[in-house]
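I opened the notebook to record a walk through one structure.

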Amino acid sequence: RWRGTRDELRDLFGALENSSVVVKEAERVMAFLQKSRRAYIETHRTDFLDSADVAHYKTDWVANYEVSDYLVEEASQGLLLGSVNFLRYNQMPEFQTATHEERVRLEEERCFG
């Protein structure tokens, strides 16, 4: 079903206005990101110059592929609807300045230019 009723939309916006609901979900997302980034650091220790480089990596902006990974994980656990679309901004023009796994993951976007 692609359409929501007004009551469903009202309920959705009501939930989004409830800061405790939003904080709870944001904490779940951040825990996923922290776990993913820690795992990358552990398996790519030599890719980092020093502890400052690791600290910078841990606090970088959330990448498109990380949002995609989170949605895939949620879907695999049955926590999302059967069909979710996430449009990613094509970051291939930033390939030359990309670091760590971002550079590898940008290859997923190469076919888009």
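My entries below go from the whole chain to single residues.

**Entry 1: the whole chain.** I am working with a predicted model. I looked up the secondary structure. The protein chain has five helices and zero strands. Read along the sequence, the pattern is α-α-α-α-α.

**Entry 2: dimensions.** I checked the radius of gyration. The protein chain has 17 Å, whereas a compact globule of 113 residues would have a value near 13 Å. I then took the extent of the C-alpha trace, which is about 55 × 35 × 25 Å along the principal axes.

**Entry 3: surface and burial.** How much of the protein chain counts as buried? I found 22% of the 113 residues. The accessible surface is about 9,000 Å². Carbon and sulfur atoms hold 58% of that surface. I also looked at contacts along the sequence. Among contacts with a separation of 6 or more, 40% join residues 24 or more positions apart.

**Entry 4: H2 against H4.** Two packed helices are described by the angle and the distance between their axes. I looked up both for this pair. H2 covers residues 19-43 and H4 covers residues 64-76. Their axes come within 11 Å and cross at roughly 110°. Angles of 65 to 115 degrees count as roughly perpendicular, so H2 is roughly perpendicular to H4.

Which residues meet there? From H2 I listed Glu 25, Arg 28, Val 29, Phe 32, Leu 33 and Arg 37. From H4 I listed Glu 66, Asp 69, Tyr 70, Glu 73 and Glu 74. I sorted this contact by class. It has four nonpolar, no polar and seven charged residues.

**Entry 5: His 100.** I checked the backbone here. Phi of His 100 is near 50°, a positive value in a residue other than glycine. His 100 is found in helix H5, residues 100-105. Is His 100 buried or exposed? The cut-off for buried is under 20% relative accessible area. His 100 has 16% relative accessibility, so it counts as buried.

**Entry 6: Glu 109.** I moved past H5. Glu 109 lies in the segment after that helix. I applied the burial cut-off again. Glu 109 has 5% relative accessibility and therefore counts as buried.

What is Glu 109 in contact with, leaving aside its neighbours within four places in sequence? I noted Arg 88, Tyr 89, Asn 90, Gln 91 and Met 92.

Definitions and conventions. Residues numbered from 1 in each chain as written. Predicted model: local features only at pLDDT ≥ 70, side-chain atom pairs only at ≥ 80, totals over all residues. Heavy atoms only, no water. Axes fitted to C-alpha atoms, helices over the stretch in contact; angles between N-to-C directions. Helix = DSSP H or I, 4+ residues; strand = E, 2+ residues; numbered from the N terminus. Parallel < 35°, antiparallel > 145°, perpendicular 65-115°, else oblique. Contact = heavy atoms within 4.5 Å. Nonpolar A, V, L, I, M, F, W, Y, C, P; charged D, E, K, R; others polar. Rg over C-alpha atoms; globule rule 2.2 N^0.38 Å. Buried < 20%, exposed > 50% of the residue type's maximum accessible area, 1.4 Å probe, protein only. Areas by Shrake-Rupley, 256 points an atom, 1.4 Å probe, with all protein chains shown as cover.
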